Amino acid sequence: MDLILDELGKCYGSTWVLKQINLTIGSGAFFSLLGASGSGKTTLLKAIAGIEMPDQGRIMHGGTDITSHPMEKRPFNTVFQGYALFPHMTVFDNVAFGLRVKGQRGGVLKKSVTDMIDRVGLSDRIHAFPAQLSGGQKQRVAIARVLVCEPRVILLDEPLSALDAVLRGQMQRFLKELHRDLGLTFVFVTHDQDEAISLSDRICILNQGRIEQIDTPDALYHAPRTTFVAEFIGLNNLFQMDANGDTEFGRTATAHSGSSVLTIRPESVQVGETHARLKSSAVLTDRRFHGDNTLLTFRTVTGREILVRRPGRGDTIELGEETMLGFPDRDCTVIPGAGPK
Amino acid sequence: MTAHWFSAAIWRVSIWAFLLMAVLIPIGAFLVYGFFGVEGGSIVYTLSLANYIEVASDPVYRKVLGKTLRIAAEVSVLCFVTGYIVAVFINRQRPVLKYTLIFAVAIPLMMSYVIKIYSMRGLLGHTGFLNQFLIWIGLIDEPLSVFLFNLTAVRMTLVFALVPFSILTTFVGLERIPGATINAARDLGAGPIRIFWTIVLPLSFPSAVVGVMFTFVLSVGDFLAPELVGGVNGLTYGRLIFSQFGIAFNWPLGAALSLVLMVLSFAVIAVAGRLSNPGWLRREDP
Amino acid sequence: MKPVRTLLNTIAILTVFLLYAPIFLVMLTSFFSVRRGKIIWESFSFNWYAKLFSNAEIGAAVLSSIKVGIVAVTATLVLSLAMSIYTSRARTPRWERTTISALVFLPFLLPPIITGMALLVTMKEMGIARGVNAVILGHVVFVLAIGFRTLQTRLSMLDPALIWAARDLGAGPWRCFFQVLLPQLAMPLATSAIMSLAISFDETMITLFIVGDGMTLPIRLYGMMRYGFTPEISALVTLVLLVTAILTGALAILYRGRTASIAE
């Protein structure tokens with residue numbers, strides 16, 4: 001029961017907010033759509049849910065073309081941003097809504113609904129109205145409301161964006177467990193890369209309505225295929241390399257063809273003694289302490305800023321002190337064909 | 001609301017049919033009527049500019065209109081100032097008293113206008129309470145007739161009936177000003193008078209001006225107060241129009257006179273609309 | 001500063017007092033006889049009310065006011081519900097939204113004398129007789145702005161995802177309307193019903209043009225008070241105010257209920 005988007009496009013007036021979206025979401029995956037605001041991620045989710053009709057392409061689910069199916073007929077359910085709980089209904093009635101639509105009544109209904117509310121840990125708030133619940137509780141009701149309908153795919157539109165940091169951590173764990181226990185497909189929209197990286201099996205990164213890269217979190221971090229992804233996920237250092245392998249810091253032996261961009265993560269940069277081919281003398285200009293690590297900013301002789309992450313306090317160098325930075329070939333990633341940066 | 005779930009066509013047609021019948025056609029009919037005439041007690045359906053020429057050339061109409069506009073302006077200014085004082089006073093009270101007071105001000109708006117006029121007659125009349133009061137405190141010996149059946153009585157009645165509008169709209173504007181804004185001004189060293197002129201007044205004006213608009217439009221076109229407390233001297237423009245539909249029986253002339261009123265009202269509404277939506281309130285369109 | 005502030009406060013308190021004083025005095029006179037402007041305190045009675053109730057013309061006016069109120073308010077609610085939902089749908093073109101709003105607000109914003117006259121000439125040319133039915137139409141046109149505005153404000157605050165969520169869970173159009181949308185509109189509907197009823201019950205200027213012999217209560221009152229200030233009129237005024245008070249009270253209870261539920 002894979003969900004396949006085939007050449008999907010959507011335009012408002014003359015601007016294409018989504019173009020050439022091709023992706024396959026495997027059955028049971030935790031799949032994230034990650035992008036900044038305006039990247040088209042919410043529009044894409046709405047197209048999958050059936051709220052927006054695509055102007056181009058097809059949506060296939062388990063081999064059936066569901067592009068023209070109205071949202072009430074799709075085997076997906078959505079957890080909306082801001083929850084969209086029915087304010088005039090109790091927790092019970094909210095959760096029971098979908099089953100009542102399907103014609104369930106009486107004891108069967110009551111049992112499934114109370115079981116589900118129990119599962120999300122809200123048994124004691126079963127007769128409360130949404131206005132009387134905290135943000136995290138509302139979120140659980142919204143999830144229970146769709147889970148009880150036993151959808152094949154659950155769509156989540158920035159479900160955690162309204163919660164504070166602590167609650168968000170709890171809800172992330174809750175979602176992860178839920179996904180593991182149920183084995184359903186989760187399609188998760190978020191602008192928070194940490195959230196996407198820690199929760200997902202696969203992430204689709206969207207930029208201006210186009211797909212930049214679809215990959216596992218590990219691959220996105222260690223093998224970005226575009227400069228956008230390289231800069232969007234985590235901190236990174238990027239510099240230009242020409243067809244001969246020459247960079248501003250020396251010549252590299254890394255495989256390449258044509259001009260490209262070389263990237264290296266801050267934790268891979270060597271400080272002080274180095275045997276790397278690519279190296280530069282640099283001055284420490286800023287130090288930001290993060291508890292378990294310290295982020296250092298250096299300025300090289302070529303005038304480029306290089307970010308370096310050191311474990312612990314990283315305080316062997318003073319501000320203004322000059323040292324050598326090394327960029328080992330094995331830790332550099334080449335993004336072929338990328339334009340000058 | 002993206003509810004694609006109503007058969008939109010039937011819906012759309014019924015809404016437009018109603019608006020056509022109930023609003024567009026009446027306004028259109030009234031506009032056309034001004035070009036008709038009257039002969040021997042019946043309406044002549046030939047188009048002519050006669051009514052408009054009469055309205056423009058007869059100095060009586062101009063005089064009455066000028067007088068009415070002045071009264072409306074005076075009433076609006078009085079309502080604005082009084083309304084502002086009351087709104088500031090109410091806004092300064094503690095929450096419970098504040099909302100009780102604002103409710104108390106809103107209630108008279110639900111009361112019949114005719115009743116308010118009648119009450120003013122009871123107050124101002126020859127045997128009215130004002131005379132009784134003045135005799136009782138010894139200021140006069142005999143009841144005076146100067147309070148009723150003149151334009152001052154009309155002014156007082158209009159202010160009495162319309163001041164709740166300006167209190168309410170000004171209050172809404174005042175209440176929207178965050179306390180932090182006032183505190184920021186105070187923190188920067190502004191005294192109460194400066195705060196009022198540079199912060200409170202500009203921020204509440206867009207809302208207050210809506211109340212001024214209401215009082216002006218309603219008092220310019222009013223004919224009930226002049227009729228009931230204005231006496232023989234209380235001829236206003238509204239009364240002039242209304243009489244065309246009574247004894248004078250000249251509907252086309254009444255329509256022509258009304259067009260002037262409508263243009264004036266639109267102008268006031270347009271100006272008020274502009275003032276109530278200044279640049280700093282407008283959001284940039286993305 | 002101090003004396004200025006005291007002066008302004010005095011003006012404010014006096015103004016609020018003067019909003020009520022004349023009306024209370026009128027109500028007071030309905031229980032007494034008045035001779036040469038002086039209330040005779042010993043004469044307290046309900047005689048004027050008794051006289052009023054035996055007046056068949058007043059009875060007829062009350063009945064037609066009630067009839068006009070109920071029919072006009074019902075029609076207003078249905079129409080403003082349809083119009084506000086229609087104009088707040090994302091698919092409705094922008095020009096249509098603005099034009100509908102403008103046309104609904106026009107009769108409310110124009111001086112009543114123009115609205116009244118426009119209806120009068122239209123009805124004459126279309127052969128619609130003056131009377132109760134004409135008044136009903138007039139009141140609907142005038143009061144529509146209230147219901148439309150109240151509902152539109154609520155609809156614009158409503159999260160569109162509420163309807164999406166219902167449809168997402170499989171609900172069809174009727175279920176969406178009756179189980180999700182309508183309950184959200186209960187408050188504004190009740191508010192506009194009460195306000196429209198109060199306005200319809202008091203409307204005089206537009207009604208005067210199209211009333212014919214359908215005589216609503218304010219029109220009867222207008223006719224009576226042209227002849228002066230009498231305790232009988234005061235009694236009638238008191239009764240009309242009683243109705244207004246009941247409607248205002250209903251509104252107050254409505255909002256008290258809401259504030260309480262928010263506080264909870």
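In chain C, 78% of the contacts with a separation of 6 or more are between residues 24 or more positions apart. Keep in mind that this is a predicted model. As for burial, 48% of the 264 residues of chain C count as buried.

On to the fold of chain C. Its secondary structure amounts to 12 helices and two strands, and from the N terminus the order is α-β-β-α-α-α-α-α-α-α-α-α-α-α. The radius of gyration of chain C is 23 Å, well over the 18 Å from the globule rule for 264 residues, so the chain is more spread out than a compact globule. Its C-alpha trace spans about 75 × 65 × 35 Å along the principal axes.

How far can you trust the coordinates? Chain C has an average pLDDT of 88, with 95% of the residues scoring at least 70. Here are the two ends of the confidence range by element:

| Element of chain C | Residues | Mean pLDDT |
|---|---|---|
| strand β2, lowest | 38–40 | 71 |
| helix α6, highest | 132–157 | 94 |

Residues 259–264 of chain C have a pLDDT below 50, and this stretch makes one contact in the model beyond near neighbours in sequence. Where pLDDT is low, the predicted coordinates should not be read in detail. For the complex, the predictor gives an ipTM of 0.86 and a pTM of 0.83.

Now the interface: 17 residues of chain A are in contact with 16 residues of chain C. On the chain A side, β6 (76–79) and α2 (91–101) are the elements giving two or more residues; α2(A) gives the most, with three. That side of chain A divides into nine nonpolar, six polar and two charged residues.

Note on methods. Residues numbered from 1 in each chain as written. Chains lettered and ligands numbered in written order. Predicted model: local features only at pLDDT ≥ 70, side-chain atom pairs only at ≥ 80, totals over all residues. Contact = placed C-beta atoms within 7 Å. Helix = DSSP H or I, 4+ residues; strand = E, 2+ residues; numbered from the N terminus. Nonpolar A, V, L, I, M, F, W, Y, C, P; charged D, E, K, R; others polar. pLDDT = per-residue confidence, 0-100. Rg over C-alpha atoms; globule rule 2.2 N^0.38 Å. Buried ≥ 20, exposed ≤ 12 C-beta atoms within 10 Å, placed from the backbone.
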